[in-house]
Amino acid sequence: MNMSKVVTRFAPSPTGFLHAGNYRTAVFAYLFAKQHAGTFLVRIEDTDRARSKPEYEQNIMETLAWLDVRSDTEIARSSDRVERHKEILAKLIESGAAYVSHEAKKDDSNQMVDVVRFRNSGTTVSFHDEIRGDITFDTTEHEDFVIARAVDDPLFHLAVIVDDGDAGVTHVIRGEDHISNTPRQILLQQALGYAVPVYAHLPLILGSDRSKLSKRKGAKALTEYRDQGVLAEAMLDYLASLGWHPGDDREYLTREELIRMFDLSRVQKGGAIFDETKLFSINQHWMRALSDEAFVARGELVAADESKLREAVPLLKDRAHTFSEVREMLAGELACLFAAPEIEREVLVRKEPADRPGLTKSALQGLLEPLRRLPGDVSAEVVKDTLMPLADAEEAKGKGGRGGVLWPLRYALSGQERSPDPFTLISILGAPESTARIEKAIAILE
RNA sequence: GGCCCUAUCGUCUAACGGUUAGGACGGAAGCUUCUCAAGCUUUAAAUCCGGGUUCGAUUCCCGGUAGGGUCACCA
């Protein structure tokens with residue numbers, strides 16, 4: 001094992017939006033480095049200048065910043081290092097390890113080009129993968145592979161080896177799709193005298209049909225989840241749980257716990273399916289873990305009445321899985337906390353037992369007095385203790401009596417067929433507003 | 001197709017030769033003050049198949065099967 005300081009890296013290429021699988025490798029490389037008090041590097045792999053786009057690079061930066069999976073050094077860009085790549089290329093050609101080959105371009109243009117090929121003796125290359133064990137490849141099929149389009153235009157394999165080697169990367173943690181690139185890169189490392197790093201190839205993350213995650217299969221850019229109101233700590237937790245397990249029955253881990261417990265040898269070998277439902281469930285857990293103040297702040301929640309908003313947070317924590325759901329509830333089901341609802345007569349009397357006409361109205365009237373005697377700031381429990389006996393009394397007179405009282409009460413207050421219970425609503429709305437709404441409901445029954 | 005990798009409930013996974021194969025998410029049922037949510041309780045649900053090795057295989061070996069990756073002058 002390498003005893004020097006651990007250096008890992010995340011080297012995405014900005015040729016499209018990265019998905020969960022890509023960021024999961026970033027998370028693992030980051031956790032591993034942090035656990036060993038090492039360095040985590042981010043390098044933008046933009047050697048293919050034609051396909052690399054600034055907006056994709058921008059999105060990568062944004063996502064890593066959101067997840068707070070940050071590079072310990074200034075972010076490198078392989079296009080900034082072409083001089084160094086050219087220098088190495090020249091050295092390789094000079095030593096005879098590589099040569100310029102004048103040949104027809106590999107497209108239909110018939111154009112002649114001078115590519116640089118690596119002189120491959122066609123040996124068998126073996127390496128140890130931290131996750132999969134020993135892997136052996138026969139490199140003869142790669143023949144003399146191309147390492148540069150031209151003497152001044154190096155390609156991926158060369159750039160990666162030089163950049164990793166110069167940065168002192170000790171552990172290459174990347175996706176399984178790179179496993180077959182490894183032997184060629186090792187050949188290059190050997191020719192250049194770079195130490196062969198420790199390799200760990202992570203399984204891929206799959207779409208719901210077990211195929212490779214892709215845009216078409218509904219894979220989203222991670223920033224879409226951020227915009228949907230998924231917490232960074234939830235995404236980090238979920239990503240880490242895909243293909244890795246702490247070993248005990250713990251279900252939710254903080255960043256610190258993740259760093260402390262992460263273990264490459266416990267990484268799963270098979271691919272994992274990205275499950276949005278599970279992500280949302282984990283997100284709900286982390287939303288609940290927030291203080292009420294933090295909940296409002298992190299969700300960037302605004303409402304006409306801030307104190308009522310604060311009181312609504314426990315309700316929101318029970319119901320919502322994302323902050324966009326929170327916003328929907330604030331505008332829908334819980335809008336009654338901020339403005340008096342419209343109510344309809346038919347819905348109001350829906351639970352009135354057929355044999356007890358007039359119950360709705362009399363029950364509502366009967367609630368008014370006890371409500372008025374309530375103190376200004378009451379808990380839902382106190383409201384319940386005050387009003388529940390009245391509903392129970394109606395139940396005692398006949399089945400359905402309790403619902404006959406509670407349903408119109410709740411509906412009068414909320415204007416919703418589904419809402420939090422009436423006691424909670426009253427404790428938030430306060431007695432004066434509550435009685436006003438009940439009186440309005442009684443008026444409809446006249 | 002060649003090469004490489006992989007295989008436990010629907011999903012994420014635990015069990016590194018001996019367990020009634022565990023947990024979580026999701027599902028179902030029930031309880032709790034009217035509705036919803038939450039909570040609690042209960043429940044269904046898996047070792048891909050076939051051979052070995054072994055007193056004993058989810059676990060080790062081999063072979064199938066299935067899935068995935070990769071075979072560029074992309075990364």
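**Reading a predicted protein–RNA model**

Modeller: Of the 446 residues of chain A, 36% count as buried; a residue is buried if 20 or more other C-beta atoms, placed from the backbone, lie within 10 Å of its own. This is a predicted model, in which local features need pLDDT of at least 70, side-chain atom pairs count only at pLDDT 80 or more, and totals for chains, interfaces and linings use all residues. Residues are numbered from 1 along each chain as its sequence is written, and chains are lettered from A and ligands numbered from 1 in the order in which they are written.

Colleague: How many helices and strands does chain A have, and how spread out is the chain?

Modeller: Helices (H or I, at least four residues) and strands (E, at least two) are DSSP runs, numbered from the N terminus. Chain A has 18 helices and 13 strands. Its radius of gyration, taken over C-alpha atoms, is compared with a globule rule of 2.2 Å times the number of residues to the power 0.38. The value for chain A is 32 Å, well over the 22 Å that the rule gives for 446 residues, so the chain is more spread out than a compact globule. The C-alpha trace spans about 100 × 50 × 35 Å along its principal axes.

Colleague: Into which domains is chain A divided?

Modeller: Such bounds come from an automatic or database domain assignment. Here they give domain 1 (1-74 + 203-289), domain 2 (292-337) and domain 3 (345-445). The centres of domain 2 and domain 3, taken over C-alpha atoms, are 24 Å apart. Two residues are in contact if their C-beta atoms, placed from the backbone, lie within 7 Å; seven residues from domain 2 and ten residues from domain 3 take part in this contact.

Colleague: In what order do the strands of the four-stranded sheet lie?

Modeller: Two strands pair if DSSP finds at least two bridges between them. The open sheet has the order β4-β5-β8-β9, with antiparallel pairing. Its edge strands, β4 (98-104) and β9 (153-154), each pair on one side only. Two bridges join β8 (residues 146-150) to β9, and Ala148 has Pro154 in β9 as its bridge partner.

Colleague: Which residues come nearest to RNA strand B?

Modeller: A residue is near a strand if its C-beta atom, placed from the backbone, lies within 6 Å of it. Of the 61 residues around RNA strand B, Ser13, Glu45, Lys212, Gly270 and Asp421 come nearest. The largest share of that surface, five residues, comes from α16.

Key: A residue is buried if 20 or more other C-beta atoms lie within 10 Å of its own, exposed if 12 or fewer, and partly exposed in between; C-beta atoms are placed from the backbone.
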